[in-house]
Amino acid sequence: MQLQQLFSPSVQHTLDVIGIFVFAISGALLAVRKNFDVFGIAVLAEVTALGGGLFRDVVIGAVPPAAFTDLGYFFTPLFAALVVFFLHPHVERIQSAVLVFDAAGLGLFSVSGTTKAYSYGLNLTASATLGLATAVGGGVLRDVLANEVPSLLRWDRDLYAVPAIVGSSMVVLCIHYDVLTSFTSGLAVVTAFVLRLLAMRYHWRAPRAWNRRSTVSEE
């Protein structure tokens, strides 16, 4: 089975748009908390939603990137930015629901990013790496633009990259053993999604340096 045939184009497009919308919501909410104007809200929404995919497409040579050839991908973050601009108090109140959808987007993008990278001829390790970059790249760019230490690097934040790594690793293992199907790829998405939910529920965090003696103050 060709990797591009795992999902029908319409299903894949719908899943991508949902993931993009939720990631854009998280970027726009951070912009509101940082007191950005409407342009800043739109920029952070676009960067968060599309940054990881843009990086992946440029690396693998899929140019022009999908974000510039599909108007749905480009305008979805702008719609999310408008929703947050006018309704951010209400969106903040359903933050837990937003985080659940964000976890789903994380799982989806880690898998779709890995399969797309492999379909462009990258080896398994590089494909998994780009799957991770697709899932978390936008969030890293969001935090950098907002002048924050990326959540990905902070010890006091629940695991985020690890679920994406698990999802992309499951995909490359399935490719290696020639068992990648719509079912197994969906299982990888669900696994990454559930791991992220469990990390948020039980506050799982990555360990810091062994016998750490740093005198740097903790935020």
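Predicted model: local features only at pLDDT ≥ 70, side-chain atom pairs only at ≥ 80, totals over all residues.
1. The largest nonpolar core holds 28 residues, among which Ile-20, Ile-25, Ala-49, Leu-50, Phe-109 and Ala-135 touch the most other members. At least two residues of this core come from each of helix 1 (9–33), helix 2 (38–60), helix 4 (71–93), helix 5 (95–119) and helix 6 (124–145), and helix 1 gives the most, with eight residues.

2. Leu-50, one of the residues named above for touching the most other members of that core, is in contact with Ile-20, Ala-67, Tyr-73, Phe-74 and Pro-77 when its neighbours within four places in sequence are left aside.

3. Helix 8 (residues 182–202) comprises 21 residues and spans 30 Å from its first C-alpha to its last, which is close to the 30 Å expected at 1.5 Å a residue.

4. The buried residues of helix 8 are Thr-184, Ser-185, Ala-188, Val-189, Ala-192, Arg-196, Ala-199 and Met-200; they lie on the same side of helix 8 because they cover an arc of only 165° around the axis. Helix 5 and helix 7 (161–176) are among the elements that cover these buried residues, while the exposed residues Phe-183 and Arg-201 are carried on the face of helix 8 turned away from the buried side.

5. As to the ends of helix 8, a side-chain oxygen of Thr-181 comes to within 3.2 Å of the backbone nitrogen of Phe-183 at the start, and the residue that follows the helix, His-203, has a positive phi, near 55°.

Technical notes. Residues numbered from 1 in each chain as written. Heavy atoms only, no water. Core = buried A, V, L, I, M, F, W, Y, C linked by side-chain atoms within 4.5 Å. Buried < 20%, exposed > 50% of the residue type's maximum accessible area, 1.4 Å probe, protein only. Helix = DSSP H or I, 4+ residues; strand = E, 2+ residues; numbered from the N terminus. Contact = heavy atoms within 4.5 Å. Expected span 1.5 Å × (residues − 1). Arc of directions from axis to C-beta. Polar contact = N/O pair within 3.5 Å; in protein donor to acceptor, adjacent residues only side chain to side chain.
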